[in-house]
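Student: I would like to learn how to read the features of a structure such as this one. Please take them one at a time.

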Amino acid sequence: AIAFYEALFSWNMKERDKDCYDVYNSQAAPIAQIYEVSNQWKGKYEYWVCVFGVKDVQKTLKMIEANGGQFIFDEGNRILCSDGTEAFFYIQNI
């Protein structure tokens, strides 16, 4: 998947740690993270989870909940949320 997105969007991906990559656009600005979920947690299915960088996690969480989304759990450095349609995403401070 890394080679695909690097070629498609001219992104550059750098490994942050064992299961996490930082994604940079063609101007070398950080735009995303890719986190690989172990088979222990995901089971037999492959999937992606978006991580959105926000200026204020608590304010953003209130906005998510006010618009029908929900808090799922807090990992400490980021919060997993749902948009109300069973699509999940993380928010974390930038």
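The dialogue below goes through the fold, the pockets, a surface patch, the salt bridges and the backbone.

Tutor: A note on the source comes before the features. This is a predicted model, in which local features need pLDDT of at least 70 and side-chain atom pairs count only at pLDDT 80 or more, while totals for chains, interfaces and linings use all residues. Residues are numbered from 1 along each chain as its sequence is written, and side-chain values use heavy atoms, with hydrogens and water left out.

Student: How many helices and strands does the chain have?

Tutor: Helices (H or I, at least four residues) and strands (E, at least two) are DSSP runs, numbered from the N terminus. Here the chain has three helices and seven strands, in the order α-β-β-β-α-β-α-β-β-β along the sequence. Its C-alpha atoms fill a box of roughly 40 × 35 × 25 Å along the principal axes.

Student: What share of the residues in the chain is buried?

Tutor: Buried means under 20% relative accessible area, exposed over 50%, and partly exposed in between (1.4 Å probe, protein chains only). The areas come from the Shrake-Rupley method with a 1.4 Å probe, and for residues only the protein chains shown count as cover. Of the 94 residues in this chain, 27% are buried.

Student: What space lies in the largest pocket, and which residues lie nearest its centre?

Tutor: On a 1 Å grid over the protein atoms alone, a pocket is an open set of points where a 1.4 Å probe fits, with protein on both sides within 12 Å along at least five of seven lines; lining residues have an atom within 4 Å of a point. Grid points are joined across faces, edges and corners, and a volume is the space filled by probe spheres set on the points. The largest pocket holds about 900 Å³. Its lining has 33 residues, and Tyr35, Val37, Tyr47, Trp48 and Val49 lie nearest the centre.

Student: Which element gives the most to that lining, and how do the residues of the lining divide by class?

Tutor: E3 gives the most to the lining of the largest pocket, five residues. Among the elements that supply at least two residues each are helix H1 (2-9), helix H2 (39-42) and strand E3 (30-35). For classes, Ala, Val, Leu, Ile, Met, Phe, Trp, Tyr, Cys and Pro count as nonpolar, Asp, Glu, Lys and Arg as charged, and the others, Gly among them, as polar. The lining of the largest pocket has 24 nonpolar, two polar and seven charged residues.

Student: What lines the second largest pocket?

Tutor: The second largest pocket, of about 350 Å³, is lined by 19 residues, with Arg16, Asp22, Gln33, Val51 and Gln92 nearest its centre. Two or more residues come from each of E2, E3, E4 and E7, and E3 gives the most, with five. By class, this lining has 10 nonpolar, five polar and four charged residues.

Student: Which residues make the nonpolar surface patch?

Tutor: Patches are made of residues with over 30% relative accessible area and no salt bridge; like charges are joined within 9 Å, and nonpolar side chains (Val, Leu, Ile, Met, Phe, Trp, Tyr) within 5 Å. In this model Phe71, Ile72, Phe73 and Phe88 make a nonpolar patch of about 330 Å². E5 gives the most to the patch, three residues. Phe73 lies in strand E5 and is partly exposed at 35% relative accessible area.

Student: How many salt bridges does the structure hold?

Tutor: Side chains of opposite charge can pair when their charged atoms come close. A salt bridge is a side-chain nitrogen of Lys or Arg within 4 Å of a carboxyl oxygen of Asp or Glu. The structure holds two. One joins Asp22 and Arg16 (3.0 Å, N to O), and Asp22 is buried, with a relative accessible area of 12%. In the other, the closest N and O atoms of Arg78 and Glu75 are 2.8 Å apart. Arg78 is buried at 5% relative accessible area, whereas Glu75 is partly exposed at 33%.

Student: Where does Ser10 lie, and what is its phi?

Tutor: Most residues other than glycine have a negative phi. Ser10, not a glycine, has a positive phi of about 60° and lies in the loop between H1 and strand E1 (12-17). Ala28, also not a glycine, has a positive phi of about 70° and lies in the loop between E2 and E3. Ser10 is partly exposed at 47% relative accessibility, and Ala28 is exposed at 57% relative accessible area.
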